Amino acid sequence: MAAAATMAAAARELMLRAGASDMEEEEGPLGGGPGLQEPLQLGELDISSDEFILDEVDVHIQANLEDELVKEALKTGVDLRHYSKQVELELQQIEQKSIRDYIQESENIASLHNQITACDAVLERMEQMLGAFQSDLSSISSEIRTLQEQSGAMNIRLRNRQAVRGKLGELVDGLIVPSALITAILEAPVTEPRFLEQLQELDAKAAAVREQEGRGTAACADVRGILDRLRVKAVTKIREFILQKIYSFRKPMTNYQIPQTALLKYRFFYQFLLGNERATAKEVRDEYVETLSKIYLSYYRSYLGRLMKVQYEEVAEKDDLMGVEDTAKKGFFSKPSLRSRNTIFTLGTRGSVISPAELEAPILVPHTAQRGEQRYPFEALFRSQHYALLDNSCREYLFICDFFVVSGSAAHDLFHAVMGRTLGMTLKHLESYLTDCYDAIAVFLCIHIVLRFRNIAAKRDVPALDRYWEQVLALLWPRFELILEMNVQSVRSTDPQRLGGLDTRPHYITRRYAEFSSALVSINQTIPNERTMQLLGQLQVEVENFVLRVAAEFSSRKEQLVFLINNYDMMLGVLMERAADDSKEVESFQQLLNARTQEFIEELLSPPFGGLVAFVKEAEALIERGQAERLRGEEARVTQLIRGFGSSWKSSVESLSQDVMRSFTNFRNGTSIIQGALTQLIQLYHRFHRVLSQPQLRALPARAELINIHHLMVELKKHKPNF
């Protein structure tokens, strides 16, 4: 039905278009006459409009042609005109029916119209009310903005007034001098806490007044007079107090560290003087420097004098050198020499002075040592003296930095103003003592004491003594090198022929060297110094040359080797007790000992087994050159060697063992030499067996008399000494 209605509407549109075009042709260009009705406004249905697009009509027609009802009508051949009229008639009927419905509902429509009119009136009144409200809101918002601007301006004025009030309050508070301050400065003792508190307040007010005066504040003139009078009073009381403390240092037997500790509690006093009365501050500082300088000088001069009285009476002299013989004669007026010069070359327990426990041990008390009749070597006195100097110097330096508010070069200069005379006196005493000092071990221990004290001062952050340590080392090192060079020269110039009777036992000069070298090496291992090792190397060369010169005095090579081995073994043993096993000295003497021991073993085996040794070497050389046939002419010699060895080897070994044990003072070394000789003998006889196994000597009848090598080893083990 809908498709039929659509189709009818389309047909009607086509008919109307055709009729309209006929009417246009009849009217022509003149148009309609007067009285004609206005053209019907069809809107989108106006097909005569230029905006009507025929393509859209074609689309609609094409779409309607697809309808099933339209297809059926076209198939049955229905007349479109007739069908269009029928549809139009139906539309008219529907239109009339709609009109009747509208007429029946006219009252309702009128009522609806009245209601709409009333609503329009109500909405109009509401619009007027909202308009008035909007205008009221506009005026209120402008008032709020005005209030905000006024509030912002009031806040700015308030902040400005508060800032002015704060600055003004600070200014007034800084300028006002309260009565509590005046009372405390004028009446309270300087040792009371309230005096210190009010003094700090006075210092702050004086600084504030100076600052405000620089800004041109006129109110400062009102309080300047009061502050000046209070400042003068405070300076007077502080000056009297500090000078009284300084003068108390001068009392005999006073422990000046107690007044120093008391002064540190009032370190602000000097700061106040420094900021308000520099002349008085300089007076106080100069008085302190003068007083403490004299006290330290007097104390250390007295302590040093008493300390030197407990030194050993017997000290090394210029003749107590390594190369000086014990039998050297002295003049009638010469001082008595040491009971044994070996003591000045031996470290013993003297090395404990640089151990951590002894290094910072309490200082020596001379009168206590004198009552107990105790004596000490120079290095112990040096340690005690310089530990006291180190401890007091560190305390003094820290006190100066803290109390006098100085640092850097200023603290260094003030420290040397206090301690300079004492340090100079100590240096002069050391220089004077070293002039006649010939104890190299004592000087070397003093060097290492200084090196350790320098590290302690660095850990305590006291650089003021650095220059002093360098000056002390500048005195000690040259003296140590001089003494060492004197010992080197003494060994170099020693004439073995002037040493009296010689024997193969270790020489006392080599023992001195061993003890001396091991002492220096063990000390030097803690803080190595290349210069020391170079000097010891020179001394070692001279001692080695000396040993060779003395050995040359013996007529036989065997005695020479015994002397060399005994001396090398003794020096090596002493060095290994103190020096590290990998030190150059130990390695050098170990090589010398091994070389001379091997040579001695060959020399030892030569008399009883020399023929056997010579034959084995000759035969091995012939075999190596491919001339083994020449051995056929040695049968008689070989037979004699076999029988001679079989008959005499036991007695020869026994004699060899006894000879070795008589020749060497060190039984352990003698045992090692015997073992080496027996081992070399077994190897020699084994080589002899291999030579006799050659085809040229294999048929020799005397081979049956050869001793079995394993039997020989068992028998030789019986001759090995056990200790």
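When I say contact, I mean heavy atoms within 4.5 Å. Helices are DSSP runs of H or I with at least four residues, numbered from the N terminus.

Okay, some housekeeping. This is a predicted model, so to speak: local features need pLDDT of at least 70, side-chain atom pairs count only at pLDDT 80 or more, and totals for chains, interfaces and linings use all residues. Residues are numbered from 1 along each chain as its sequence is written, and side-chain values use heavy atoms, leaving out hydrogens and water.

Confidence next. pLDDT, the predictor's confidence in each residue from 0 to 100, averages 82 over the protein, with 85% of residues at 70 or more. Over residues 1-11 it is below 50, and that stretch has 14 contacts beyond near neighbours in sequence. Residues 328-342 also stay under 50, with 23 contacts beyond four places in sequence.

Now the helices. Axes here are lines fitted to C-alpha atoms, over the stretch in contact, and angles run from 0 to 180 degrees between N-to-C directions. Under 35 degrees counts as roughly parallel, over 145 as roughly antiparallel, 65 to 115 as roughly perpendicular, and the rest as oblique.

Start with H22, residues 635-663, and H24, residues 709-717: their axes come within 11 Å and cross at roughly 25°. H22 and H24 are therefore roughly parallel. On the H22 side we have Phe645, Trp649, Lys650 and Val653, meeting Leu712, Glu715 and Leu716 of H24.

What angle do H23 and H24 make? About 165°, with the axes 11 Å apart, which makes H23 roughly antiparallel to H24. Leu678, Leu681, Ile682, Tyr685 and His686 of H23 touch Ile709, Leu712, Met713 and Leu716 of H24.

H23 itself runs over residues 667-692, and its 26 residues should span 38 Å at 1.5 Å a residue; the end C-alpha atoms are 37 Å apart, which agrees. That expected span is 1.5 Å times one less than the number of residues. At its start, a side-chain oxygen of Asn666 comes within 3.0 Å of the backbone nitrogen of Arg668.

Over to H19, residues 530-551: 22 residues reaching 31 Å, close to the expected 32 Å. At its start, a side-chain oxygen of Asn529 is within 3.1 Å of the backbone nitrogen of Arg531.

Last pair: H18, residues 508-524, and H20, residues 557-578, with axes within 8 Å and crossing at roughly 25°. That makes them roughly parallel. Among the residues in contact are Ala514 and Ser518 of H18 and Met571 and Leu575 of H20.

Methods
Helices (H or I, at least four residues) and strands (E, at least two) are DSSP runs, numbered from the N terminus. A polar contact is a pair of N or O atoms within 3.5 Å; within protein, one must be able to donate a hydrogen and the other to accept it, and residues adjacent in sequence count only if both atoms are side-chain atoms.
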